[in-house]
Amino acid sequence: MDRASILRRDLGCTNFLIILPAVLLFVACHGRDKPLGGGDADYFLKQNNPGLYVNGNNLFEYTDKDCQWAFNKIRGVARLQKDDQSYYVNMIFSSWPNQIKEDVNVEIDYKTSTQQRKTLFVMILLKSENGKNWLWNDESKTGVILEQ
């Protein structure tokens, strides 16, 4: 290889090494500063069925056909479950949020066919309409839709 070919090859590699980190940085940071309601919350807010949503997945969806639900606003508890109790979601609220963007501590205990977990979240009331409430935790991408 002549000297000019080697120089062109080395410059090509250098350009690649300069451009690659810039592209990776752009891809890694794109969308990080989305406001509340961005990302998975957009998907969650489009859902209408009561249930538990995590990372864009519906872990439990209430249906009239084979589920039961209980909600007591005064005691701050809610439960969704399959009739055979193979899936359930128990929630204990520190208080019930009265306005949009109000936050509340919620202990969620759930069981699905592949998971059983108990976690404490600070959730925000994103939406309330037609007797349903959409509560969301952006950090864990966890949402709950409940009927009152």
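K141 has a relative accessibility of 24% and therefore counts as partly exposed, a class that lies between buried (under 20% relative accessible area) and exposed (over 50%), with a 1.4 Å probe and protein chains only. The model is predicted, so local features need pLDDT of at least 70 and side-chain atom pairs pLDDT 80 or more, while totals for chains, interfaces and linings use all residues. Residues are numbered from 1 along each chain as its sequence is written, and side-chain values use heavy atoms, without hydrogens or water.

K141 is located in the loop between β8 and β9 (142-147). Its phi is near 55°, a positive value in a residue other than glycine. N55 is another non-glycine residue with a positive phi, of about 50°. N55 belongs to the loop between β1 (51-54) and β2, and it is partly exposed because its relative accessibility is 46%.

Read from the N terminus, the order of elements is α-α-β-β-β-β-β-β-β-β-β. Of the 148 residues in the protein chain, 31% are buried. The accessible surface is about 9600 Å², and carbon and sulfur atoms contribute 52% of that area (Shrake-Rupley method, 1.4 Å probe; for residues, only the protein chains shown count as cover). Among contacts (heavy atoms within 4.5 Å) with a separation of 6 or more, 36% join residues 24 or more positions apart.

The nine strands form an open antiparallel sheet, arranged as β2-β1-β9-β8-β7-β6-β5-β4-β3; two strands pair if DSSP finds at least two bridges between them. At the edges stand β2 (57-61) and β3 (67-72), each of which pairs on one side only. From one strand to the next, the twist averages 25°, with axes fitted as lines to C-alpha atoms (for helices, over the stretch in contact) and angles between N-to-C directions running from 0 to 180 degrees.

Six bridges connect β3 and β4 in the antiparallel sense, and Q68 stands opposite Q81 in β4. Four residues separate the two strands of this hairpin, and G76 in its turn has a positive phi of about 70°. The pairing of β4 with β5 is likewise antiparallel, over five bridges, with L80 opposite V89 in β5. This second hairpin has five residues between its strands, including Q85, which has a positive phi of about 60°.

Y87 also occupies the loop between β4 (77-82) and β5 (88-93). With a relative accessibility of 24%, Y87 counts as partly exposed. Beyond its neighbours within four places in sequence, Y87 is in contact with L59, F60, L80, Q81, K82, K111, T112 and S113. Y87 and Q115 are 28 residues apart along the chain, and their C-alpha atoms are separated by 9.6 Å.

Further along the sheet, β7 (residues 116-129) and β8 (residues 132-137) pair in the antiparallel sense over five bridges. K118 lies in β7 and counts as exposed because its relative accessibility is 57%. Neighbours within four places aside, K118 is in contact with E107, I108 and D109. The C-alpha atoms of K118 and M91 are 9.6 Å apart, although 27 residues separate the two in sequence.

Four aromatic pairs are found in the whole structure; rings of Phe, Tyr and Trp (its six-membered ring) pair if their centres lie within 6.5 Å, and planes under 30 degrees apart are stacked, over 60 edge-to-face and the rest tilted. F44 and Y53 form an edge-to-face pair, with 5.6 Å between centres and 65° between planes. F44 is buried, since its relative accessible area is 1%, and Y53 is buried because its relative accessibility is 2%. F44, Y53 and W136 together form one aromatic cluster.

A charged side chain meets another ring: K127 lies over the face of W134, 4.4 Å from the ring centre. The criterion requires NZ of Lys or CZ of Arg within 6 Å of the ring centre and within 35 degrees of the ring normal.
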